[in-house]
Amino acid sequence: MMRKLLHASRQFFLEPIAPHSLAVMRIALGGTLVILWLRYLPHVDMYFSHQGLALPYIDPMPGSLSMLLTHPPLSVAYALYGLLLIGILGMLLGYGYRAASLLTIVLLVYLGLLSFHNFLASWGRLLFFTTVILGMSGADKTYSLRMYFKNGSWTAWEKVDAWPQRILAIQIAMTYFGVGLQKTFLPDWQSGEILAYAFVNGWSTPLAHTIAQWNMPMWVYDGMTIGVKILHGALPITLWMPRYQKYAFAAGAAFHIGVTVVMGMWWFLLLVPLYAAFVNPQRFVKPGNSRPLHGTGKA
Amino acid sequence: MRIRDYGISLGVALYIFLTLNGLAYTVAQRSLLPRRAVRFFYGMLAPYQSYGTNNVELVAEGKTKDGSWETIDLLPYFPGSTGERTFRELLLSRRAQGETATAQGYAGLAEQIRIKEMDRGRSYSEVRLHIDTWPMAPDGYEVLRLPVFTKAIDPVSLE
């Protein structure tokens, strides 16, 4: 029994698989990071340079490494910001992918400690974790400039280890599960009031304010809260089940589109293309073909 | 198995252990590891957990030469969306470290605002901070930010 379990887990995490799911995730992550960080372009002076308010996570002490967290002059801040964009573009295009990922990770840590620690929420952690895992995955082994320069076709592909895709799938499922579990028991999630106020707080979009003015009865918000909890309970299971996956993807997408429309938190939409982690990469290669893949090839 | 496979298996096992600890912390506020070690993994399992019924915004006032207090425009220092601005103004990572760290954070912030304003040609002998709070309203974010509804609270204790 134990031997079978070990064999199954070894196969699940260590088998070589096609890289297409990981490549889809890489492109989605790169695109999200580009948009996310381009928003800060007009504010490089305030966020990253000595012209803004500097509250690093660790107060710089002379003679120690913490001095690296002294906010730099504007020119250096622009140079570091430019390097970050280069790193992110390298990830997006799949060119010099490992180096680009490492550069991005180092700069995200640096900027996080410098200034962004005051804006680190669950999505920021998910984004960082995904960047690290994908950086080690070989997600540039298809749909990338690397494969274009190597094989003359951006759709050429090579097999990769399964573990990064599996870990990201586990993490997404656990995120929904943990969030659902908390929403089930937290006192503030026992009625629809929390969602009603989500339509009128500092994050709310103009459309959310307009919807709030419809003055819908509280049972509508109560119903939405129950619906969210059911969704968070169902997704960690149905995302894994090929038979129900398309419904799970649609329901998850509807939820994240709702969060975007109401609270403007569009970055959670990244989770939708990350559902590719639950898809057998073979489906990206030859839809409808159940024959196993063999070695390196061109799709 | 090759050595590389053992390394990967070890890494996967460590990840699962940390995530399960994060989940245990989610359920029971307890884990086998210190909170600091599981905070990142717990943070990936956590929704926004509570809500307020008031909006909040940091307000800075500078003491002029004649002894009067003048409101300083903080918008250029906290660009971006209102939600992100509020996150930053509340110094959440300092707040997580306790009241002393939060108080030190706001003291440092006030002094930096004084220096930055001086660089911009506005000289204040002192800068003080408070948080304005006013009820949320369907009609818009600032609609009820009127003297009768607006209260000034301490940024550290939020009371």
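Author: Asp132(B) stands opposite Ala152(B) in strand 4 of chain B, and Thr133(B) stands opposite Lys151(B) in that strand. Helices (H or I, at least four residues) and strands (E, at least two) are DSSP runs, numbered from the N terminus. This is a predicted model, in which local features need pLDDT of at least 70, side-chain atom pairs count only at pLDDT 80 or more, and totals for chains, interfaces and linings use all residues. Residues are numbered from 1 along each chain as its sequence is written, while chains are lettered from A and ligands numbered from 1 in the order in which they are written.

Two strands are said to pair if DSSP finds at least two bridges between them. Strand 3 of chain B (residues 126-135) also pairs with strand 1 of chain B (residues 54-63), in the antiparallel sense, over 10 bridges. There, Ile131(B) in strand 3 is the bridge partner of Leu58(B).

Put together, the strands of chain B form an open sheet of 4 strands in the order 2-1-3-4, with antiparallel pairing. Strand 2 (69-72) and strand 4 of chain B are at the edges and have a single partner strand each, so one side of each is left without a neighbour in the sheet. On average, neighbouring strands of this sheet are turned by 40° against each other, direction ignored. For such angles, axes are lines fitted to C-alpha atoms, for helices over the stretch in contact, and the angles run from 0 to 180 degrees between N-to-C directions.

Helix 5 of chain B lies across strand 1, strand 2 and strand 3 of chain B, and runs at about 115° to strand 3. Two residues count as in contact if their C-beta atoms, placed from the backbone, lie within 7 Å.

Chain B is divided into domain 1 (3-43) and domain 2 (54-153); domain bounds come from an automatic or database domain assignment. The C-alpha centres of these two domains of chain B lie 38 Å apart.

Next, the partner chain. 44 residues of chain B are in contact with 40 residues of chain A. Helix 1 (3-28), helix 2 (35-43), helix 3 (82-89), helix 4 (92-95) and helix 5 (99-119) of chain B each supply at least two residues of the side that touches chain A. Helix 1 of chain B gives the most to that side, with 8 residues. By class, the side of chain B that touches chain A has 23 nonpolar, 17 polar and 4 charged residues. Here Ala, Val, Leu, Ile, Met, Phe, Trp, Tyr, Cys and Pro count as nonpolar, Asp, Glu, Lys and Arg as charged, and the others, Gly among them, as polar.

As for confidence, chain B averages a pLDDT of 92, and 99% of its residues score at least 70; pLDDT is the predictor's confidence in each residue, from 0 to 100. The model scores ipTM 0.90 and pTM 0.91.
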